Amino acid sequence: MKKKRLQSLILASTMLMGATTAMAAGDIITGDSVGPADAENTLVFRMTTDGPRNNDPELAAGYSDLYRKFIANHPGWKMELQMMSGDINQEQARILEQAQSGNAPDCAAVDSFVLSRFKEAGVLKSFSPYFSAEEISQLFPFVREGVTGEDGDIYAWWWSTDLRVLYRNKSVIPDAPQTWEETKQAALDSQEEVMEGILFNGARYEGTTFDWLANFWAQRGTLVDENGKPSFAEGDNRQKFIDAVNYYRDLVESGAAPKRVASIGNYDDFNAAAAAGTTALFVGGNWQLQQLRNTLDPETFENWTFSRLPGPTADQRATGTGGWTVASFSDDPAKVEMCAALAREVYMGPANALQEQLPTRADLYSEYDVFSTPTNKAFAEALETGHARPGVPVYPEISNQIQIMFGKVLTGSQETEAAIDEAFKASMDAYNRL
């Protein structure tokens, strides 16, 4: 007890000394600003909660340290922090509108989901001078494509990502299913252990579309053409789309998946089923591994693992990916450079490690201990076949129509092709109204 008390006193003394030193150096950090109030230069950064105002006190403290170090490395600068609301779609539309009218912040977090719309609008400033060819080459293919403009320059730095995988209880399903057929059989076999089969999102929910799209992308299907026009039910895409939809339909009709998947629209349901011991197989996000660790007792958690999403064949694989970028809208070259420096020094690596958010550079998985684990290396391998949602104006309606389509298909109220045709027509109508 005395030893612990002494350690506590030392820690408190160290923290006090650190705070005193920071104050002596004129270091200022609040919820709205970082750096000396009288700094000559100001960078306005509109951000998500990935920063000093994170809702988790431990993460907020970690980000505060990163921001203090960043400002210390750039004397003469301060940062004005503008927080986004929780309505990300609205916030991103607002930034784009402001950028087009010349009123955008100097630097902002841009959702990778809509990055292409910002590129097409020509409002982003080039980051190519501030990142080496080696750094750019280490980006996963879907990330490198996402940040690169038609001129070959990069126009944002995509620093974090996620992906979808197949979770399984290996005490029930020892071997990872490699194909759709193997997945169906594994789900049916699990029912011998009084399980309900494979679970996945199937309700009116963006996760339903995004998780399922990997089955379409695995066949090299494309939702839209080069002009952003819906193409998923035309030409070569049509049969690929039908096959991917029928994969889910067959899971339900064969009993490999319970009928209730048509009403699931929440990843938490899968964690709950795993904890209750009612499922041994589900499609989920990489972040759920930590949630399972926190939810299950250690002995039960040891039975759970994950693998890449199966494809129609073992060689046809894909996974859906998302994540955030940092981009600049300023006409001031010094502010563009400062924004790029923020992406490089705070977010590219340090913030990944702080929040355990997957890096977008393959080499960072060996540079940081937290990402050099076999688990995170496996996630990195799966990211090699990652696909981002097309950042075109019509995508939200395409997703909405796919969700409606699955409501019909999974309940058996409409044949697959008829449901697809209705979804395609509604998507085309939406496109023509743009």
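At the start of H2, which residue has a side-chain oxygen that reaches the backbone nitrogen of Glu58?

Guide: The model is a predicted one, and the residue in question is Asp56: at the start of H2, one of its side-chain oxygens comes to within 2.8 Å of the backbone nitrogen of Glu58. From there, helix H2 covers residues 57-72, 16 residues in total. Its first and last C-alpha atoms are 22 Å apart, close to the 22 Å expected at 1.5 Å a residue.

Along H2, the buried residues are Leu59, Ala60, Gly62, Tyr63, Ser64, Leu66, Tyr67, Phe70 and Ile71. An α-helix has 3.6 residues a turn, so residues three or four places apart point the same way.

For H2 and H13, the angle is about 145° and the axes lie 10 Å apart; the crossing is right-handed. On the H2 side, the residues that meet H13 are Leu59, Gly62, Tyr63, Leu66, Tyr67, Phe70 and Ile71. Their counterparts in H13 are Met338, Ala341, Leu342, Glu345, Val346, Tyr347, Pro350, Ala351, Leu354 and Gln355. By class, this contact comprises 14 nonpolar, 2 polar and 1 charged residues.

Key
Residues numbered from 1 in each chain as written. Predicted model: local features only at pLDDT ≥ 70, side-chain atom pairs only at ≥ 80, totals over all residues. Heavy atoms only, no water. Helix = DSSP H or I, 4+ residues; strand = E, 2+ residues; numbered from the N terminus. Expected span 1.5 Å × (residues − 1). Buried < 20%, exposed > 50% of the residue type's maximum accessible area, 1.4 Å probe, protein only. Polar contact = N/O pair within 3.5 Å; in protein donor to acceptor, adjacent residues only side chain to side chain. Axes fitted to C-alpha atoms, helices over the stretch in contact; angles between N-to-C directions. Left-handed = near helix turned anticlockwise from the far one by under 90°. Contact = heavy atoms within 4.5 Å. Nonpolar A, V, L, I, M, F, W, Y, C, P; charged D, E, K, R; others polar.
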